[in-house]
Amino acid sequence: MVEHRPWNDIIAYAILTLGVFIVAFPVYVAVIASTHDAATVVGGRMPLSPGGHALENYYRAVFLGGSRTAPEPVGRLLLNSFITAMGIAVGKICISILSAYAVVYFRFPFRKTAFWIIFVTLMLPVEVRIYPTYKVVADLRMLDTYAGLILPLIASATGTLLFRQFFMTVPDELLEASRIDGAGPFRFFWDTLLPLSVTTISALFVIQFIYGWNQYLWPLLITTQDSMQTIVIGIRKMLVTTDELAEWQLAMATAVLAMLPPVAVVVFMQRLFVRGLVETEK
Amino acid sequence: MEKSAVFNGSRLLPYALLAPQLIITFVFFYWPASQAVLQSFKREDAFGLVSEFVGLENYQALFAQPEYYKAMLTTLVFSTLVAGLSLSIALLFASQADKNLKAAPVYKTFMIWPYAVAPAVAGVLWFFIFHPSLGTLARPLRGLGLDWNPLLDGNHAMALVVMSAVWKQIAYNFLFFLAGLQSIPKSVIEAGAIDGAGPMRRFWTIIFPLLSPTTFFLLVVNVVYVFFDTFGIIDAVTGGGPAGATTTMVYKVYADGRLGGDLGGSAAQSVVLMVIVIALTAVQFKYVERRVQY
């Protein structure tokens, strides 16, 4: 038995509480700032307790827009972020579950080649090939479209690898039994494999939704119209004016709104999130 | 590992199943990546109308630039600080959360949610707290006699970017360290305790070495994180400034191509980055499994 000392627990609680405090502090300040009026925030002597302008700030941000240079209501930006994140998550799951199915359950010429072609994409994030990708998207006339926001980001290997790994653990007897019952490839996929994959699909969905929601560089490059921006870009645009003109209370309200959906996903689907994170990375 | 039971009859079906992913990969991955390599050997005029083959000129120009070495150094300093700090802080918190505490699951939830915050948003939050004129913590800093101004002072800007990046990355490292700690057999630790080793000694001689595969894995992931995912933080907080003090290599690819219009030079930088990332990934695959095990 390892010795148990009460002061040991007290130190642990103290360190962890300090950690939670550090982690929560910037967000707490943002929430507080979103409840004060502009003068209080810009004055530099903002109190650390909530003010009385919360409703006004959030109303202005969501329905009227917070930026003087690009007054786009945050409601619209939230919708754009949601469509982009959903598109990336669902798109990635669809194309990668199909390709993993082909690689694991079929034998055909160039099977290994196909797998490696997909695998190599793991190594190069979009950041290192931004301008050529931009040009491709521009040539395809997909600037300022949801397709342009979504498609380049679903070209990645993580999903295929994850599904391949999972399919390898599915017992062969299941396929043999299905075949004896007369099921073809579609039937087996739909009735047997897909129901078994629900947890893997959900875990991948959680991770990819957060990934899609938090994209920055790519939407920044390919959206020129304010109405196509995502919320993360929207916050940035609110702050490009000179500091005295930037409406920090609205930017902070927007930041709170931008954090809510992905944070809610992590907190309420913690089990799936942890599983997805550990499995996609390893 | 291969499946022994497979479908044999259909010839075209597997290609049809692969088609969506392969098409998207070719159009948005291989084609642009090859264009980046090609473009790095070319020079284009400002309007993109004429381009001529210039061989290695872009690379020569790149490696003759003092700014490029500065960006390399900035990247090195930045990644060392962020990886070092976020790994040690996360390990400290994870080793406390690994103790048999009643409230440990609650603490876990509170530690991991910053993972979900977008890097750019994290940057904006920290910028707001430390903003020279309106930041909540800027005044106390000045009260301590520090002339705090991340908009003008390169070191202050770097400190701010590092803090935001570390804050965001602690969640991820915490989660993996906690999983690693929980997979260490309790019997080993008990054996150490019976032999008279105290908590600190047990940590450094038993737990830390057994944790080394996790640590190494996280080290590589963190370096890749610092290279790419911190773009949003840097752009939101400093825009690469002041005077290039926070311009990392990835930021320079963006800035040179977009603001400077030097597409050839930007492409050459992309290629250098690709090589670095491929090397890092290769190191990860080669050594993570084999070397770092006791």
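Buried residues account for 48% of the 282 residues in chain A, a residue being buried if 20 or more other C-beta atoms lie within 10 Å of its own, exposed if 12 or fewer, and partly exposed in between, with C-beta atoms placed from the backbone. The structure is a predicted model, in which local features need pLDDT of at least 70, side-chain atom pairs count only at pLDDT 80 or more, and totals for chains, interfaces and linings use all residues. Residues are numbered from 1 along each chain as its sequence is written, while chains are lettered from A and ligands numbered from 1 in the order in which they are written.

Chain A contains 15 helices and 0 strands; helices (H or I, at least four residues) and strands (E, at least two) are DSSP runs, numbered from the N terminus. The C-alpha trace of chain A spans about 75 × 70 × 35 Å along its principal axes. Its radius of gyration is 24 Å, whereas a compact globule of 282 residues would have a value near 19 Å; the quantity is taken over C-alpha atoms, and the globule rule is 2.2 Å times the number of residues to the power 0.38. Of the contacts in chain A (C-beta atoms, placed from the backbone, within 7 Å) between residues at least 6 apart in sequence, 71% join residues at least 24 apart.

The contact between the chains takes 82 residues from chain A and 80 residues from chain B. On the side of chain A that touches chain B, helix α1 (residues 6-33) of chain A gives the most, with 14 residues. The residues of this side comprise 62 nonpolar, 10 polar and 10 charged, where Ala, Val, Leu, Ile, Met, Phe, Trp, Tyr, Cys and Pro count as nonpolar, Asp, Glu, Lys and Arg as charged, and the others, Gly among them, as polar.

Residues up to four places away in sequence aside, A:A255 touches A:A30, A:I235, B:V121, B:V124 and B:L125.

Helix α12 (residues 249-258) of chain B is largely enclosed by the rest of the structure, because 8 of its 10 residues are buried; among them are B:Y251, B:K252 and B:D256. By contrast, B:L73, in helix α3 (residues 66-97) of chain B, counts as exposed because it has 10 C-beta neighbours inside 10 Å. The C-alpha atoms of B:L73 and B:R11 are separated by 53 Å, the two residues being 62 residues apart along the chain.

Note on methods. Contact = placed C-beta atoms within 7 Å.
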